[in-house]
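Here is a short briefing to read alongside the sequence and the model. Take a look at both, and then we will go through the side chains topic by topic.

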Amino acid sequence: MWSDAGADPARCPGSATPGAPAEPQADGFPHGRALCPVCLRFVELDDSSRLVEHDTSDPAETAAEAHSRRGWLNAHGW
């Protein structure tokens, strides 16, 4: 049985690592965000060009965001 007690922390270990804005698609996606190499989410960068603290998943992610992320990964790889 799965429980939160045995789960990994929600915070992504890629948080606070150096990053750079990902190459945008024609529609501007990912809008200046960087691809986290750990969780493969696009996240904002702080003033020091480091990935902001984020969780490994986003339960509020929209279907449109997921579709755009898949399209970007198909076009650019990771």
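**Salt bridges**

Asp58 has a relative accessibility of 33%, so this residue counts as partly exposed. Please keep in mind that the model is predicted.

- The structure contains four salt bridges, and one of them joins the side chains of Asp58 and Arg41, at 3.7 Å from N to O.
- Asp58 sits in the loop between S2 and H1 while Arg41 sits in the loop between S1 and S2, so their pairing ties together parts of the chain 17 residues apart in sequence.
- Arg41 counts as buried because its relative accessibility is 16%.
- Another salt bridge is formed by Glu53 and Arg11, whose closest N and O atoms are 3.5 Å apart.
- This pair links distant parts of the chain, with Glu53 in the loop between S2 and H1 and Arg11 in the segment before S1, 42 residues apart.
- Glu53 is exposed at 60% relative accessibility, whereas Arg11 is partly exposed, with a relative accessible area of 40%.
- Glu65 and Arg33 also form a salt bridge, and here the closest N and O atoms are 3.0 Å apart.
- Because Glu65 lies in helix H1 and Arg33 in the segment before S1, the pair ties together parts 32 residues apart in sequence.

**Around Arg33**

- With 13% relative accessibility, Arg33 counts as buried.
- The Arg33 side chain also reaches the backbone oxygen of Pro30, at 2.8 Å.
- Leaving out residues up to four places away in sequence, Arg33 touches Ala20, Pro21, Ala22, Phe42, Val43, Glu44 and Glu65.

**Aromatic rings**

- Searching the whole structure gives two aromatic pairs.
- In one, the ring centres of Phe29 and Phe42 are 5.2 Å apart and the planes stand at 80°, so this pair is edge-to-face.
- That pair links distant parts of the chain: Phe29 belongs to the segment before strand S1 (34-35) and Phe42 to strand S2 (residues 42-43), 13 residues apart.
- Phe29 is buried at 3% relative accessibility, and Phe42 is buried at 5%.
- Phe42 also pairs with Trp72; the centres are 5.1 Å apart with the planes at 80°, so this pair too is edge-to-face.
- Since Phe42 lies in strand S2 and Trp72 in helix H1, the pair ties together parts that are 30 residues apart in sequence.
- Trp72 is buried as well, at 6% relative accessibility.
- Together, Phe29, Phe42 and Trp72 make up one aromatic cluster.

**Arg69 in the helix**

- Arg69 belongs to helix H1 (residues 63-76) and counts as buried at 19% relative accessibility.
- Setting aside neighbours within four places in sequence, Arg69 is in contact with Phe29, Leu40, Arg41, Phe42 and Glu61.

**Cysteines**

- How many disulfides are there? The count is zero.
- A disulfide is a covalent bond between the sulfur atoms of two cysteines.
- For Cys36, the closest cysteine sulfur is that of Cys12 at 3.6 Å, which is too far for a bond because a disulfide needs the two sulfur atoms within 2.5 Å.
- For Cys39, the closest cysteine sulfur is in Cys36 at 3.7 Å, so this distance is also too far for a bond.
- Cys36 is buried, with a relative accessible area of 0%, and Cys39 is buried at 16%.

Note on methods. Residues numbered from 1 in each chain as written. Predicted model: local features only at pLDDT ≥ 70, side-chain atom pairs only at ≥ 80, totals over all residues. Heavy atoms only, no water. Helix = DSSP H or I, 4+ residues; strand = E, 2+ residues; numbered from the N terminus. Buried < 20%, exposed > 50% of the residue type's maximum accessible area, 1.4 Å probe, protein only. Contact = heavy atoms within 4.5 Å. Phe/Tyr/Trp six-rings, centres within 6.5 Å; stacked < 30°, edge-to-face > 60°. Polar contact = N/O pair within 3.5 Å; in protein donor to acceptor, adjacent residues only side chain to side chain.
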